[in-house]
Amino acid sequence: NTLLTKLHNEFKPLLGEKRTNKGRTFLFISLFSLILFNNFLGLFPYVFTRTRHLVITLTLALPLWLRFIVFGWINNTNHIFEHLVPQGTPTPLIPFIVCIETIRNIIRPGTLAVRLTANIIAGHLLLTLLGNNGPTITQPLLGILILAQILLLILESAVAVIQSYVFAVLRTLYSREVN
Amino acid sequence: MAGDSHVDESQFKGISKYFNSTTSTGRANVAKATYATIGLLVLFFSLKPKKKPTTN
């Protein structure tokens with residue numbers, strides 16, 4: 001409950017004080033919780049990690065992004081056009097910035113999904129590769145290997161929390177841009 | 001993105017009143033103009049007649 005309250009207090013200023021934003025933090029808090037639990041469950045041996053598959057992470061990222069883009073273009077068209085040009089951009093750079101911002105908006109669900117997948121895969125791969133060497137190495141090195149595995153597991157636990165937080169916060173910020 | 005509530009619009013004269021990177025309307029207009037230019041270029045190159053190779 002403390003964690004959820006802290007998250008709510010964290011996301012609320014990011015979303016802004018508009019009346020239409022009431023209750024919206026719960027969407028992002030549930031997204032955070034889903035990714036967090038999936039990441040943590042994957043750290044147990046022989047447990048299938050859902051968030052290491054692009055199908056799952058893209059399923060989380062793509063519909064939300066599509067919803068915000070469609071809503072934004074239909075209801076706040078001028079606001080969306082404004083966001084393509086950051087305030088104070090030098091005049092010669094404006095056409096390039098518009099193209100870059102358009103591409104940035106289009107690849108957002110991909111980057112969100114791939115960021116989570118790649119981080120989870122990298123950690124799990126390292127743990128697996130090191131673990132595979134266990135039966136073949138000598139006894140003195142085994143102690144070092146076990147210590148390395150424990151440290152990596154702690155790191156992976158931190159990555160699990162951080163990546164779920166990053167996913168939820170970025171989604172919050174992207175939704176803020178649309179409104 | 002920062003709003004433009006503190007920007008003095010009277011500083012802009014002529015075309016920069018409608019196309020600038022400071023006010024909300026200016027930024028939206030330059031983005032629309034860029035998209036329109038790209039659209040026109042795409043249209044021009046797609047409708048341009050292609051040169052037929054001469055055969056003897």
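**Chain B**

Tutor: Chain B has one helix and zero strands, where helices (H or I, at least four residues) and strands (E, at least two) are DSSP runs numbered from the N terminus. This is a predicted model, in which local features need pLDDT of at least 70 and side-chain atom pairs count only at pLDDT 80 or more, while totals for chains, interfaces and linings use all residues. Residues are numbered from 1 along each chain as its sequence is written, chains are lettered from A and ligands numbered from 1 in the order in which they are written, and side-chain values use heavy atoms, with hydrogens and water left out.

Student: What makes B:A28 count as buried or exposed?
Tutor: Buried means under 20% relative accessible area, exposed over 50%, and partly exposed in between (1.4 Å probe, protein chains only). B:A28 has 3% relative accessibility, so B:A28 is buried. The residue lies in helix α1 (residues 24-47) of chain B. B:A28 and B:L43 are 15 residues apart in sequence and 22 Å apart in space, C-alpha to C-alpha. Of the 56 residues of chain B, 25% count as buried.

Student: Which residues of chain B does UniProt list for "transmembrane region"?
Tutor: The unreviewed UniProt entry lists residues 30-47 of chain B; UniProt positions are given in the numbering used here, feature names are shortened, and annotations may be inferred rather than shown by experiment. In the model, residues 30-47 of chain B are 100% helix and 0% strand, with end C-alpha atoms 25 Å apart.

**Aromatic rings**

Student: How many aromatic pairs does the structure hold over all chains?
Tutor: There are three aromatic pairs over all chains. Rings of Phe, Tyr and Trp (its six-membered ring) pair if their centres lie within 6.5 Å; planes under 30 degrees apart count as stacked, over 60 as edge-to-face and the rest as tilted.

Student: Why is the pair B:F44 and B:F45 called edge-to-face?
Tutor: The ring centres of B:F44 and B:F45 are 5.2 Å apart and their planes stand at 75°, so the pair is edge-to-face. B:F44, at 49% relative accessibility, counts as partly exposed, whereas B:F45 is exposed because its relative accessible area is 53%.

Student: Which residues form one aromatic cluster?
Tutor: A:W73, A:F81 and B:Y35 form one aromatic cluster.

Student: What makes A:R108 lie over the face of A:Y174?
Tutor: A charge sits over a ring if NZ of Lys or CZ of Arg is within 6 Å of the ring centre and within 35 degrees of the ring normal. A:R108 lies over the face of A:Y174 at 3.9 Å from the ring centre. Likewise, A:R67 lies over the face of A:F71, at 5.4 Å from the ring centre.

Student: What is the span of α2(A)?
Tutor: The 18 residues of α2(A) should span 26 Å, and the end C-alpha atoms are 26 Å apart, which agrees. The buried residues of α2(A) include A:F28, A:L31, A:F32, A:I35 and A:L36.

Student: Which residues touch the most other members of the largest nonpolar core?
Tutor: A nonpolar core is a set of buried Ala, Val, Leu, Ile, Met, Phe, Trp, Tyr and Cys residues joined through side-chain atoms within 4.5 Å. The largest one has 21 residues, of which A:F11, A:L31, A:I35, A:L112 and A:F167 touch the most other members. At least two residues each come from α1 (2-15), α2 (25-42), α3, α5 (94-132) and α6 (139-178) of chain A. The most come from α2(A), with six residues.

Student: Why is A:Y46 called exposed?
Tutor: A:Y46 has a relative accessible area of 89%, and therefore counts as exposed. The residue lies in the loop between α2 and α3 of chain A and has a positive phi of about 65° although it is not a glycine.

Note on methods
The expected span of a helix is 1.5 Å times one less than its number of residues.
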